[in-house]
Each structure stands twice: as C-alpha cells, then as structure tokens.
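Student: I would like to learn how to read a few features from a set of coordinates. Could we take them one at a time?

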Amino acid sequence: QVKGSASRVYPFDCAAVVLLLWSRELHAHKMRALLVRLRPLCARQLCSGGSGIARGAALEHAKLREQLEGIKQRMKKLEAVNPALAAAEEEVEAAMRLLTGRDPQLRSGHNSADAFSPPKLHHVNVVSQKGANELLEFYRDVMKMDEMPAELFPRTSAATQGGAGSDVPIAFTTDGHMQMHLATQDLGVPHRSGMAINPIGVGPVGHIAYRTDDIEAFKRHLHAHGVFFSDYGTRFAKDWHQVFFLDPVGTIIEVHSVIIHEA
C-alpha cells in the first residue's frame with residue numbers, strides 16, 4: 001500500500017516483495033537491473049492520480065504484467081544453474097506462505113503440490129468472419145478497454161513452421177487485468193498445421209486462455225487426466241508455448257507459458 005493512495009493496493013506489490021527477497025541470493029546485479037527496468041513503469045502507474053483508472057493505465061498495467069512474467073522465467077533459469085540458491089529456498093517459501101496467508105487466491109490446498117502454477121485467466125479470444133475492426137471498435141469504444149499495440153504480441157507467420165501459423169488480422173485490448181484477443185476467422189489453420197483443434201476457426205468465442213509457468217508440467221498433467229490436446233508450441237505466438245484442448249461441453253481452452261529466448 002502506498003501513502004497518499006487511500007486503501008489502494010497495486011497488483012505488483014506482492015511480486016515486488018518476492019523479487020526483493022530473492023535478489024540477495026540470485027545474481028544481485030542481474031536482479032537489480034531487472035528491478036530498475038520495472039521502477040519507471042511502477043512510478044508512472046502510481047502517479048496516475050484520481051480514484052479511477054487513468055487513461056492508458058490499463059495498457060501500462062498489462063505491459064508490466066507481461067514483463068513480470070518474463071522476469072519470473074529468468075529467475076527460474078538462474079535457480080536451475082545455481083545450486084547455492086537451494087539454501088535460500090526455505091526463506092522464500094516462508095515469504096510465500098506469508099503472502100498466501102494474506103491472499104489465499106495465490107495458492108489453495110488442492111493445488112499446492114502441483115509442479116506448475118495454477119492457470120490464471122489471461123484472455124478471451126473472439127472470432128469474426130468480418131475481421132477484427134468491428135470487434136476492436138466495440139471493446140475499445142463501448143467497453144472502454146485500452147487498445148494494445150500488436151507489437152506486444154510477436155506472431156509466427158503462416159509462411160514459417162510449415163505454414164502452421166496465421167497471418168489474419170488480430171486486435172488486442174485490455175482492462176489492465178485480462179485481455180481480449182479479437183481475431184479474424186481462419187479456417188485453414190488445421191489444414192496447414194495438421195492439428196485437430198482450430199483456436200480461431202469457430203466463433204463467436206474462439207477460445208478462453210489461461211497462463212501457467214511450466215507448460216511441460218501442465219502437459220504431463222493433461223496426459224494424467226486423459227485430456228487430448230493440440231500442442232501448437234510457438235506456431236501462433238513467438239513468445240508463448242500454447243496448447244489447446246476442449247472442456248466437457250466443447251469450449252476450446254488455451255493454456256500457455258511465456259518463452260524466454262536466449263540472447
């Protein structure tokens with residue numbers, strides 16, 4: 001909580017606390033550099049003023065969440081190659097237990113032993129035969145969501161990976177927490193990709209998407225429950241590993257994790 005902001009608590013507070021706790025044991029100079037990159041974004045968010053969400057704040061918040069996910073993945077890589085970090089495990093776990101006590105939604109009893117983080121709602125994909133512009137105008141102008149630059153979502157061209165990607169227009173909006181991905185229908189995806197599930201072929205709801213931190217562990221979880229899935233990898237999004245499957249009534253579900261590319 002920040003002085004002068006009444007009782008407003010910002011979503012990145014808990015994550016920042018964890019990052020600071022871990023920075024003592026992780027390569028300090030690397031972690032400090034990552035935190036320095038976040039501070040300007042945090043400052044702009046905190047200084048927006050007013051009781052509502054300032055213009056553009058939702059977009060800024062969504063950008064911050066995407067950057068934070070990348071930081072989490074870099075932290076996992078650092079832990080994997082630094083055995084000495086195991087000595088800090090109990091301290092980190094104690095900090096997480098404290099945070100969980102304050103916010104039970106972070107982890108509940110039935111999923112505390114899972115190897116992956118509980119999938120969190122990330123976006124809803126809506127498909128239109130008419131193209132993305134009509135949908136964009138509605139969610140931006142009627143629902144008052146912020147439009148997100150397409151550059152935030154590097155896509156894989158249909159000309160690459162054996163033609164398994166898609167080049168149809170897609171627009172993106174956010175309310176600062178979840179996103180809407182507004183897609184033009186593409187019926188050729190299964191033919192080009194050889195996959196059984198087409199996430200942008202049937203509308204109006206193309207799919208509902210969730211994010212986890214370990215897509216390989218989640219795939220093993222799906223196998224254990226006998227859930228068939230189409231593993232698209234990075235065919236659609238260069239920075240996400242995506243899998244798609246059906247819920248019991250036929251809704252297409254996406255689960256993805258962020259991919260960190262080596263420099």
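Student: Among contacts in the protein chain between residues at least 6 apart in sequence, what share joins residues at least 24 apart?
Tutor: This is a predicted model. In the protein chain, 65% of the contacts between residues at least 6 apart in sequence join residues at least 24 apart. The chain has 7 helices and 8 strands.

Student: Which residues does I260 contact, leaving aside its neighbours within four places in sequence?
Tutor: With those neighbours set aside, I260 is in contact with G70, Q73, R74 and K77. I260 itself lies in the segment after β8 (252-258). The C-alpha atoms of I260 and K77 are 9.5 Å apart, while 183 residues separate the two along the chain.

Student: Is I260 buried or exposed?
Tutor: The cut-off for buried is under 20% relative accessible area. I260 has 18%, so I260 is buried. Of the 263 residues of the protein chain, 43% count as buried.

Student: How many aromatic pairs does a search of the whole structure find?
Tutor: The general idea comes first: a pair of aromatic rings is described by the distance of the centres and the angle of the planes. The search of the whole structure finds 8 aromatic pairs. In one of them, F218 and F245, the ring centres are 6.2 Å apart and the planes stand at 35 degrees, so this pair is tilted. The pair links distant parts of the chain, with F218 in helix α7 (residues 215-224) and F245 in strand β7 (residues 240-246), 27 residues apart. Both F218 and F245 are buried.

Student: What kind of aromatic pair do Y232 and F244 form?
Tutor: Y232 and F244 form an edge-to-face pair, with 5.3 Å centre to centre and 85 degrees between the planes. Y232 lies in strand β6 (residues 230-233) and F244 in strand β7, so the pair ties together parts that are 12 residues apart in sequence. Y232 and F244 are both buried.

Student: Which residues do ring pairs link into a cluster?
Tutor: The cluster consists of F116, F218 and F245.

Student: Now the surface. Which residues form a nonpolar patch there?
Tutor: F138, V142 and M143 form a nonpolar patch, and together they have about 290 Å² of accessible area. V142 is found in helix α5 (residues 133-142). Exposed means over 50% relative accessible area. V142 has 52%, so V142 is exposed. The protein chain as a whole exposes about 14600 Å², and carbon and sulfur atoms supply 58% of it.

Notes:
Residues are numbered from 1 along each chain as its sequence is written. This is a predicted model: local features need pLDDT of at least 70, side-chain atom pairs count only at pLDDT 80 or more; totals for chains, interfaces and linings use all residues. Side-chain values use heavy atoms; hydrogens and water are left out. Patches are made of residues with over 30% relative accessible area and no salt bridge: like charges are joined within 9 Å, nonpolar side chains (Val, Leu, Ile, Met, Phe, Trp, Tyr) within 5 Å. Accessible areas come from the Shrake-Rupley method with a 1.4 Å probe; for residues, only the protein chains shown count as cover. A salt bridge is a side-chain nitrogen of Lys or Arg within 4 Å of a carboxyl oxygen of Asp or Glu. Helices (H or I, at least four residues) and strands (E, at least two) are DSSP runs, numbered from the N terminus. Buried means under 20% relative accessible area, exposed over 50%, partly exposed in between (1.4 Å probe, protein chains only). Contact means heavy atoms within 4.5 Å. Rings of Phe, Tyr and Trp (its six-membered ring) pair if their centres lie within 6.5 Å; planes under 30 degrees apart count as stacked, over 60 as edge-to-face and the rest as tilted.
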